[in-house]
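Subject: Structure handover

Hello,

Please find the structure below, with the sequence. My notes on what was found in it follow.

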Amino acid sequence: DGYGNVHALDATNGVTLWTQSTGDTVDSSPVVDHGIVYVGSDDHYLYAMSARTGQVIWRQRTGGPIDSSPAVAEGIVYIGSADHDVYAFDAGNGQLRWRRPTGGAVVDTPFASRGEVYVGSKNGDLYALDAKTGARLWRYRLGGSVVSSPFVSRGVVYVGNSMNNDSGSLYAITTSGHLVWVRQTDGEVDSSPVAAYGFVYVGTDNNAVLGVSLAGTSRLGATGRG
C-alpha cells in the first residue's frame, strides 16, 4: 500500500491475517509461488515473504524503485527496476543470477516462456533475454514508451506501447523478433494484453477494451530488430 505495507487477507471473509512492512510505497502487485510472496517496493528492494506468516525470508536491493511486478519461473524471480535494469534472483535464497541493462525504466512485468524472458522498457524497446544468463537475444523498436507487460501465446509476443500524442499500438511479434502485425489504437496501451478464443484483448486509456483477431492487421513491413 501507500504506507509501504503488504497485507494478507483471508479469501473467505477478508480478515487481515498478517501485515508486513517494507521501506517505502508498494506499487507493484505481489506474486505467490510455492508458499512465498514476492513483491517489490519503492525502497529499491525485492522482498520474499512467507505466505503463511509474512516473515521476510530474504530481500535484495536493486538500483531504483520497483514498480514492476515479479515473474517467477523455473526457480528464478525476474523483476524490472526504475534504474533501467532487469534482474534475475534465485527464488529460494535471493542470490543474484544476472542483471541486464535496458535503455529506460522497466515498470512492466517480465514474461518468462521457454527459456526466454520478454520485457519492455520506457525507451520504447521490447527485449528478449536468455532466461538463464540474461544475454540479449534480440531487441524490437516499438517507439514511445512500453509499460504494457508482454504476453506470449503460440510463439507470438503481444505487447502495447504509448506515444506522446495520447495514442498507442498493439504489436504481435514472433518469439524470434519479427513483426507479424501492428494495430494502432485510439488511446495509450498501458495494460497487459491477453490472447484467448482466437482474439487478443487489451485495454487502452480512452476507456476502451480492444479485441483484435489473432490474424491482426498488418501495417508495417520492416522487422524492427536491432
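I start with a turn. In the hairpin of β9 and β10, 5 residues lie between the strands, and Gly94 takes a positive phi near 80 degrees. The two strands, β9 (residues 85-90) and β10 (residues 96-101), pair in the antiparallel sense over 5 bridges. Strands here are DSSP runs of E with at least two residues, helices are runs of H or I with at least four residues, and both are numbered from the N terminus. Two strands count as paired if DSSP finds at least two bridges between them. Within this pair, Ala88 stands opposite Trp98 in β10.

Before the rest, a note on the source. This is a predicted model, in which local features need pLDDT of at least 70 and side-chain atom pairs count only at pLDDT 80 or more, while totals for chains, interfaces and linings use all residues. Residues are numbered from 1 along each chain as its sequence is written, and side-chain values use heavy atoms, with hydrogens and water left out.

The chain as a whole

The chain has 21 strands and 0 helices. Its radius of gyration, taken over C-alpha atoms (the globule rule is 2.2 Å times the number of residues to the power 0.38), is 18 Å; a compact globule of 226 residues would have a value near 17 Å, so the two agree. The C-alpha trace spans about 50 × 40 × 30 Å along its principal axes.

Of the 226 residues, 49% are buried. Buried means under 20% relative accessible area, exposed means over 50%, and partly exposed is in between (1.4 Å probe, protein chains only). Among contacts with a separation of 6 or more, 36% are between residues 24 or more positions apart; a contact means heavy atoms within 4.5 Å.

Strand β15 (residues 151-153) is joined to β16 by 3 bridges, and the two run antiparallel. They form a hairpin with 2 residues between them, and Arg154 in the turn has a positive phi of about 50 degrees. The bridge partner of Val152 in β16 is Val157.

How many residues of β16 are buried? The count is 7 of the 7, so β16 is largely enclosed by the rest of the structure. Val156, Tyr158, Gly160 and Ser162 point one way from this strand, and Val157, Val159 and Asn161 point the other way.

β16 also pairs with β17 in the antiparallel sense, over 7 bridges. Here Ser162 stands opposite Gly168 in β17. The loop between β16 (156-162) and β17 (168-174) holds Ser167. Ser167 counts as buried because its relative accessibility is 11%. Apart from its neighbours within four places in sequence, Ser167 is in contact with Asn161, Ser162, Gln184, Thr185, Asp186, Gly187 and Glu188.

Val31

Val31 is found in strand β3 (residues 31-33). With a relative accessible area of 24%, Val31 is partly exposed. Beyond its neighbours within four places in sequence, Val31 is in contact with Ile36, Val37, Tyr38, Pro70 and Val72. Val31 and Val147 are 116 residues apart along the chain, and their C-alpha atoms are separated by 18 Å.

Regards
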